[in-house]
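Keep the structure open beside you as you read.

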Amino acid sequence: MELYTRTALNEGGISKEQAFELLEMPEKELFASATAIRERFFGNKVEICYIINAKSGNCGMNCKFCSQSGHNSADVETYPLLSQERLEEIVDGWAEYPVHRCGLVTSGGALSDDDVESLAKFVESRAGKKGAQMCGSLGRLKHDALHRLKEAGMTRLHHNLEACESFYPNVCTTQTWRDRLDTVRQALDNGLEICCGGLFGLGETWSDRFDFAMELKREGITNVPLNFLYPHAGTPLGNRPVMPAEEALRIIALFRHLMPEASLRICGGRVSVLKERQYEMFAAGASAFMTGNYLTIAGQGVETDLAKLAELGLEIA
C-alpha cells in the first residue's frame, strides 16, 4: 500500500494500471492511504459551497440522467432566470454561514446574451457585500460572455465533462464532449478558475472512470466535483439501481490517488447514495463538498454539515 501512497505523493498520481491494482485493496487500507494524501495537500481544511437553481427546466440537451431536459418527462419545476431581487434574497440568506462559494446554475445548453448580462450585473452588485464568491454553471459560453462574467467579478466557472470522451455519447448526443471541453478551455483562457468533473453510475466501467481522471488531469483541472447518479423517474436512466455507498466511496479514494493535488468536491448524490456513510467521504479523500439543496432534490442542511465537520475536527478553508 505504501508504494501507491508514495507514488501519489511524489509522482503526481498513480497510473491507470496501478489504479486497477489499488481497486482490489481492502477499504481500510485504501482509505488510510487516501487520507494521508488528502492531509498532505489540504491538511484538515475543507471547502464548502452551495448552489442556486437560478433557471430551471426545459433544457434542449438530451442528457439521459437529467430531470431538467426537455427530452425527458421528469416532474420538475420550470421557470426562467430568477430576478436579481430573488437572487439577492437567497444569497443574503446564506451570508451568516461560513460557506465561501455560491454556484449560480442555469438550465439549457447555452445561456442567452440577455441572461448573461443580467447575471453579470447581479455579480457586480455583490461586490463588497458579505457572502460567498460567485461561481457559475451556465452552459456552453463563448469568449465574450466569459470575459463579461470575469470582469463582473465571477471567479470560477463550473462545467462538467460528465464522463470520459469515449463514453460520453452514451450520455448525450445533442452536444459533444469536445463542445464541453471547448468551454472549459475558453474559461481558463479568460482567467476564470474551472470546476470540472463528472457523474458516476451511468453504466460506465472502472476503466472509463480511470480514463476520465486522466483526461481531467491532462487538461490541468484542479477543482473536480464528483457526482453520483440519482435515478430520476421520467429519465432514460430512471430505472438504474442506486450505486452502493461502498462503490461511491471507492471512486473518491481512487480519484484521490489518481489526482492527488486536486480538490475533490462531493456534490450530487452525497445524501441519496452515501446515506449514513456520507461523512466517510473525507476518509476516502474528499477535500470539499456542496451543502444545502441540489437542483431538483433536497440535500443536507448546512447546520448538520457544520456540526459534523466540528465533530470530525475539520476546519472550513
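## Charged pairs

Arg126 and Glu88 are both buried, where buried stands for under 20% relative accessible area, exposed for over 50%, and partly exposed for what falls in between (1.4 Å probe, protein chains only). Their side chains form a salt bridge with an N to O distance of 2.8 Å; the term covers a side-chain nitrogen of Lys or Arg within 4 Å of a carboxyl oxygen of Asp or Glu. Arg126 belongs to the loop between helix 5 and strand 3 (133-137) and Glu88 to helix 4 (residues 84-94), so this pair ties together parts that are 38 residues apart in sequence. Helices (H or I, at least four residues) and strands (E, at least two) are DSSP runs, numbered from the N terminus. Please keep in mind that this is a predicted model, in which local features need pLDDT of at least 70 and side-chain atom pairs count only at pLDDT 80 or more, while totals for chains, interfaces and linings use all residues. Residues are numbered from 1 along each chain as its sequence is written, and side-chain values use heavy atoms, with hydrogens and water left out.

The structure holds 25 salt bridges. Another one joins Arg156 and Glu193, at 2.7 Å from N to O. This pair links distant parts of the chain, with Arg156 in strand 4 and Glu193 in strand 5, 37 residues apart. Arg156 is buried at a relative accessible area of 6%, whereas Glu193 is partly exposed at 35%. Both belong to a network of salt bridges that also takes in Glu47, Arg101 and Arg265. For a local example, look at Glu311 and Lys308, whose closest N and O atoms are 3.0 Å apart. These two are 3 residues apart in helix 11 (residues 302-312), so about one helical turn separates them. Glu311 is exposed, with a relative accessible area of 59%, and Lys308 is partly exposed at 23%.

## The nonpolar cores

Which residues touch the most other members of the largest nonpolar core? They are Ile52, Leu104, Phe228 and Phe255, out of 100 residues in that core. Such a core is a set of buried Ala, Val, Leu, Ile, Met, Phe, Trp, Tyr and Cys residues joined through side-chain atoms within 4.5 Å. Helix 9 (residues 245-258) supplies the largest share of this core, 9 residues. A second, separate core of 5 residues includes Ile51, Val105, Cys267 and Met290.

Helix 6 (residues 143-152) has Ala145, Leu146, Leu149 and Ala152 buried. Viewed down the helix axis, the buried residues of helix 6 fall within an arc of 125°, so they line one face; the arc is that of the directions from the helix axis to the C-beta atoms. The face turned away from this buried side carries the exposed residues Asp144 and Glu151. Helix 5 (113-125), strand 4 and helix 7 are among the elements that cover the buried residues, with contact meaning heavy atoms within 4.5 Å.

Leu192 sits in the loop between helix 7 and strand 5 (193-195) and is buried, at 3% relative accessibility. Leaving aside residues up to four places away in sequence, Leu192 touches several residues, including Leu146, Met154 and Arg156.

## Aromatic pairs

There are 8 aromatic pairs, counted when ring centres of Phe, Tyr and Trp (its six-membered ring) lie within 6.5 Å; planes under 30 degrees apart are stacked, over 60 edge-to-face, and the rest tilted. Phe20 and Phe210 make an edge-to-face pair, 4.9 Å centre to centre with 85° between the planes. Phe20 lies in helix 2 (residues 16-23) and Phe210 in helix 8 (residues 206-218), so the pair ties together parts 190 residues apart in sequence. Phe20 is partly exposed at 33%, while Phe210 is buried at 0%.

Trp206 and Phe210 form a tilted pair, with centres 5.7 Å apart and planes at 40°. Ring pairs also link Phe200, Phe212, Phe228 and Phe255 into a cluster.

## Positive phi values

Glu162 is not a glycine, yet its phi is positive, about 75°. Glu162 lies in the loop between strand 4 (156-158) and helix 7 (177-189) and is buried, at 11%.
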